[in-house]
Amino acid sequence: MIGVPAAAERPSGGEGGGGGGEDGGGVGGGGEKESGDGRADAQALIYPCICNSDGWLDEEESGFWRADVATAQVRSLHSAKERVVAGPRFVRPPPTFLVASTSDDVCPPELDTAPFVEAAERAGANVHYLLGDFGGHGFGLRRFWAEPCVAWMRSLGFGAAGAGERGVSELKEAEAVAVTAAAAACGG
């Protein structure tokens, strides 16, 4: 997760992405002003591995390629997973921008991202979900999603004064361009 620099009067945010179960822990802050409860005002999750986490503690399946699954950090992520999967302990996330590819066989959206999106929307969270055939796992490195994400963040009030008004129209335009570019890069 990367904190988003913010001025004192602006919201804070975080980004999580790429590789294994650590993506589900993308609730964190980076700016000077947070919501008051220690959580970020927004987050971006790029091909998150959230819900299909039964293998998190299995070395062969975990996705924690450079981490020992017996560590306290990995165990803490696993023990808190009830807060990010649908159910009675689900915690409503901050406004969330998600990107998933229908061609990702490591974090398939129907098993990972979609259940989180459905639970977050049922809990009343502001969710923006960019789903398409963007290529296999690792597609997030192409950063086609960055402009729609920035426009979405502006629509929430991040950035310069007046960002909210501009952000909504910028989001629609940036998303259309990004999806077209990603499809072209994937040969579609």
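The model is predicted, so local features need pLDDT of at least 70 and side-chain atom pairs count only at pLDDT 80 or more, while totals for chains, interfaces and linings use all residues. Residues are numbered from 1 along each chain as its sequence is written, and side-chain values use heavy atoms, with hydrogens and water left out.

**The fold**

Let's start with the overall plan. The chain has four helices and four strands, where helices (H or I, at least four residues) and strands (E, at least two) are DSSP runs numbered from the N terminus. Starting at the N terminus, their order is β-β-α-β-α-β-α-α. Of the 188 residues, 43% are buried; buried means under 20% relative accessible area, exposed over 50%, and partly exposed in between (1.4 Å probe, protein chains only). The accessible surface is about 9,300 Å², and carbon and sulfur atoms make up 52% of that area. Areas come from the Shrake-Rupley method with a 1.4 Å probe, and for residues only the protein chains shown count as cover. Among contacts (heavy atoms within 4.5 Å) with a separation of 6 or more, 67% join residues 24 or more positions apart.

Thr96 belongs to strand S3, residues 96-101, and is buried at 0% relative accessibility. Its side chain comes to 2.6 Å from the backbone oxygen of Pro94, a polar contact (a pair of N or O atoms within 3.5 Å; within protein, one must be able to donate a hydrogen and the other to accept it, and residues adjacent in sequence count only if both atoms are side-chain atoms). Beyond residues up to four places away in sequence, Thr96 touches several others, including Gln43, Phe116 and Trp152.

Ser155 sits in helix H3, residues 146-155, and is partly exposed, with a relative accessible area of 23%.

**Aromatic rings**

Six aromatic pairs turn up in the whole structure. Rings of Phe, Tyr and Trp (its six-membered ring) pair if their centres lie within 6.5 Å; planes under 30 degrees apart count as stacked, over 60 as edge-to-face and the rest as tilted.

| Pair | Centre to centre | Angle between planes | Class |
|---|---|---|---|
| Phe134 and Phe144 | 4.6 Å | 45° | tilted |
| Phe139 and Phe144 | 6.0 Å | 35° | tilted |

Both Phe134 and Phe144 lie in the loop between strand S4 (127-132) and H3, so their pair ties together parts that are 10 residues apart in sequence. Phe134 is buried at 2% relative accessibility, and Phe144 is buried at 10%. Ring pairs link Tyr47, Phe134, Phe139 and Phe144 into a cluster.

**Nonpolar cores**

What surrounds Phe139, leaving aside neighbours within four places in sequence? Phe139 is in contact with Ile46, Tyr47, Val99, Ala100, Ser101, Asp104, Phe134 and Phe144. Phe139 is also one of the residues that touch the most other members of the largest nonpolar core, which has 15 residues. Such a core is a set of buried Ala, Val, Leu, Ile, Met, Phe, Trp, Tyr and Cys residues joined through side-chain atoms within 4.5 Å. Strand S2 (42-46), S3 and H3 each supply at least two residues of this core. Apart from it lies another core of 12 residues, among them Ile50, Leu98, Ala120 and Val127.
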